[in-house]
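Biologist: Can you put the model up? I have a few questions about the side chains.

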Amino acid sequence: MGKKKKTWYRKKEIREFMRKLFLTLFYSGLSPKAPGTVGSFLALILGIALLQIIDVSTLFLLAILITVIAVKQIDIYEKEVGVHDSKEIVIDELAGMWIALSICGITQENMIIMASLAFIYFRVFDIWKPSIIGRIDEKVEGGWGVMGDDVIAGIAAGIATAGTYQLIEKFLI
């Protein structure tokens with residue numbers, strides 16, 4: 001009887017550890033200063049590394065998969081800690097950054113400028129929260145509220161990045 005309780009406790013402990021590791025994006029969300037920016041930068045580095053071995057469409061699908069998984073894990077985490085949209089949760093930054101990278105038209109040839117623009121635009125939209133991004137952040141509860149604003153910010157950042165790059169190509173290159 002004692003072994004089962006100890007095993008059950010250990011499994012719960014491991015689940016909680018893995019959930020925190022996932023939601024904080026390998027603890028980058030625990031940064032004392034600008035955890036969202038730190039998480040976004042780590043997501044950018046991971047996204048660029050993945051784009052060396054996978055297609056942008058696969059990165060997009062991974063972002064969607066991570067979003068769906070994160071919604072459930074955030075709901076569980078929020079019930080455990082009693083806080084909505086804790087600053088340490090930065091998995092939403094990963095989803096948003098990867099969506100921005102996937103839809104901006106990034107290639108091996110333009111990766112440095114596109115990745116830089118995507119990062120800047122994503123952080124601007126995520127911090128500023130214009131229009132629907134802010135409404136989702138304020139009104140949608142639970143995991144969908146945490147993830148939703150960053151997914152839309154990622155879409156906006158991807159579109160802005162593509163448009164800016166087109167202007168740069170037309171007028172400067």
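Biologist: Is phenylalanine 17 buried, partly exposed or exposed?

Modeller: Phenylalanine 17 is partly exposed, at 42% relative accessibility. Buried means under 20% relative accessible area, exposed over 50%, and partly exposed in between, with a 1.4 Å probe and protein chains only. This is a predicted model, where local features need pLDDT of at least 70, side-chain atom pairs count only at pLDDT 80 or more, and totals for chains, interfaces and linings use all residues. Residues are numbered from 1 along each chain as its sequence is written, and side-chain values use heavy atoms, leaving out hydrogens and water.

Biologist: How many aromatic pairs are there?

Modeller: Three. Rings of Phe, Tyr and Trp (its six-membered ring) pair if their centres lie within 6.5 Å; planes under 30 degrees apart count as stacked, over 60 as edge-to-face and the rest as tilted. One of the pairs joins phenylalanine 17 and tyrosine 27, which is tilted, with 6.4 Å centre to centre and 50 degrees between the planes.

Biologist: And where does tyrosine 27 sit?

Modeller: Tyrosine 27 is in the loop between H1 and H2, ten residues from phenylalanine 17 in helix H1. Helices here are DSSP runs (H or I, at least four residues), numbered from the N terminus.

Biologist: Why do tyrosine 121 and phenylalanine 125 count as stacked?

Modeller: Their ring centres are 6.3 Å apart and the planes are at 20 degrees, so the pair is stacked. Both are in helix H5, four residues apart, about one helical turn. Phenylalanine 125 is buried at 16%, while tyrosine 121 is partly exposed at 25%.

Technical notes:
Helices (H or I, at least four residues) and strands (E, at least two) are DSSP runs, numbered from the N terminus.
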